[in-house]
Amino acid sequence: MKPSPLQLERPRSLDEALALLAEHGDDAKLIAGGQSLVPLLNFRLAAPAVLVDLGAVPALAGIEVAGGAVRVGAMCSQRDLERHAAALSACPLLALALPYVGHVATRNRGTVGGSIAHADAAAELPLLLQTLAGEVEVTGAAGARLVTSEAFFVSHLTSCLEADEIVTEVRFPSGGAGWGAGFAEVAPRHGDYAVCAVACALRVEDGVVAEARLGAGAVSDRPLSLTAAAEVLVGSRCEPGALEAATEAARSAIDPSDGMHASAEYRRHLTGVLVGRAAARAYATAGT
Amino acid sequence: MRELSLTVNGRAVREHVDDRLLLSDFLRHSLGLRGTHVGCEHGVCGACTVQLDGRAVRSCLMLAAQAEGGHVETVESLADPEGPLSALQDSFRRHHALQCGFCTPGILMSAAELLAVAGRPTRREIEELLSGHLCRCTGYESIVDAIAEVAGTEA
């Protein structure tokens, strides 16, 4: 239960970090908050020769609400984002979902960029980014590029990030007037990995859903955008019939697998139930 | 090996450490601060929780070298060994909020942050905080009671 021998590098700037990645290649592993990686090191499921710690790169920690998005520096802690009033009001899904991310003590260390780069299919922040069709700023030796969430999340614990690239910023689209948000999750205990989690954002005009986004986590090998179920809600008033139709569309859009805490059939059922709850809550809070 | 400088319980510390040394093991083995308990060593049980720069963190989920320049507070910082218990510790004692005591140091360090940050937390907030700590003795209610009393939480 201790990490294998390793060399820790603590670069002071992004350029230094990139140079270290270039120098050590596949021997190097980036560490952000370490709340997912250090357990893997302790179990020796991961044993990198060199750890490149981004904790001393000050430029990566800011939060800015600009350009229609909450732009979060990759090394911003989940706890700092959870307490950032402007960010939460611009993107209410963050306020709803962040309390489900681990526990206070892990959110104090865990970072937003680290969670995105870890690309856990059951994690809340990747689910939010995928639901909202956000973007990830990825920086390599050649400069920075923006990657859509759809392109970023490849499979469980796998993103499109190259070995010499670093996630530098995460952009959660902010809704603005008329948008409501809902989030529903079931886990064995608070803070555990989700058995299923569903995020929903709706824009409502005159009581009618004008735009809808729905996503589900822990039901596939990556966070899923439930576009068909979202489309069912557009034009509705989220009345029981519309919620039932969205529930049915979500159920048939996924192909979950059996797991320790739930069978595939239960997960499918649960996804439908949580879609109904998240959509109802999003509708109830839209326009307020 | 590297030289590590940080402040632990208000005292400047300078030690040579292995890069792979966990903060929890540094506190216990290098500094002899055995109030920090090590349970699961993968961030689930919460027993090893200490404060880094005023925030509760799992000391088993970071390397000692990552605390370079930081201020670490362990359970030993809460009260002078010869003096009275802190208000939080005394409340734990009166509410029977511990039995074997293994989980207690971590819970105290988390609760101390909550009290410092949240002013007067709700009972629900205290329960949410405790979701990050495993206790096999108390059933948790007495721990919530102990923290709530010090926080002035409405019943």
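Visitor: What should I know about the numbering and the model before I start reading?

Guide: Residues are numbered from 1 along each chain as its sequence is written, while chains are lettered from A and ligands numbered from 1 in the order in which they are written. Since this is a predicted model, local features need pLDDT of at least 70 and side-chain atom pairs count only at pLDDT 80 or more, whereas totals for chains, interfaces and linings use all residues.

Visitor: How do I read a sheet, and what is the strand order of the open sheet in chain B?

Guide: Strands of a sheet pair through backbone hydrogen bonds, either parallel or antiparallel. Strands here are DSSP runs of E with at least two residues, helices are runs of H or I with at least four, and both are numbered from the N terminus; two strands pair if DSSP finds at least two bridges between them. In chain B, five strands form an open sheet in the order E2-E1-E5-E3-E4, with mixed pairing. Strand E2 (11-17) and strand E4 (55-58) of chain B are the edge strands, each pairing on one side only, and the twist averages 40° from one strand to the next.

Visitor: Which strands does E3 of chain B pair with, and in what sense?

Guide: Strand E3 (residues 49-52) of chain B is joined by two bridges to strand E5 (residues 71-73) of chain B, and these run antiparallel; here Gln51(B) stands opposite Glu73(B). E3(B) also pairs with E4(B) in the antiparallel sense, over four bridges, with Val57(B) as the bridge partner of Val50(B). E3(B) and E4(B) form a hairpin with two residues between them, and Asp53(B) in the turn has a positive phi of about 50°.

Visitor: How is helix packing described, and at what angle do H2 and H5 of chain B pack?

Guide: Two packed helices are described by the angle between their axes and the distance between the axes. Axes are lines fitted to C-alpha atoms, for helices over the stretch in contact, and angles run from 0 to 180 degrees between N-to-C directions. Helix H2 (residues 87-94) and helix H5 (residues 141-151) of chain B pack at about 140°, with their axes 8 Å apart. H2(B) and H5(B) are therefore oblique to each other, given that angles under 35 degrees count as roughly parallel, over 145 as roughly antiparallel, 65 to 115 as roughly perpendicular and the rest as oblique. Ala87(B), Leu88(B), Ser91(B) and Phe92(B) in H2(B) meet Ala146(B), Glu149(B) and Val150(B) in H5(B), a contact being two residues whose C-beta atoms, placed from the backbone, lie within 7 Å.

Visitor: Where does H4 of chain B meet H5(B)?

Guide: The axes of helix H4 (residues 123-130) of chain B and H5(B) come within 10 Å and cross at roughly 125°, which makes H4(B) oblique to H5(B). Arg123(B), Ile126(B), Glu127(B) and Leu130(B) of H4(B) make the contact with Ile143(B), Val144(B), Ile147(B) and Ala148(B) of H5(B).

Visitor: How many residues of chain A are in contact with chain B?

Guide: In chain A, 26 residues are in contact with 22 residues of chain B. Strand E1 (7-9), helix H2 (37-42) and helix H6 (104-109) of chain A each supply at least two residues of the side that touches chain B, and H6(A) gives the most, with five residues.

Visitor: Is helix H8 of chain A buried or exposed?

Guide: Eight of the eight residues of helix H8 (residues 124-131) of chain A are buried, so H8(A) is largely enclosed by the rest of the structure. Just after H8(A), Ala133(A) takes a positive phi of about 55°.

Visitor: Why does Ala212(A) count as buried?

Guide: Ala212(A) counts as buried because it has 25 C-beta neighbours inside 10 Å. Ala212(A) is found in strand E13 (residues 208-217) of chain A and, not counting residues up to four places away in sequence, touches Leu202(A), Ala230(A), Leu233(A) and Val234(A).

Conventions:
Buried ≥ 20, exposed ≤ 12 C-beta atoms within 10 Å, placed from the backbone.
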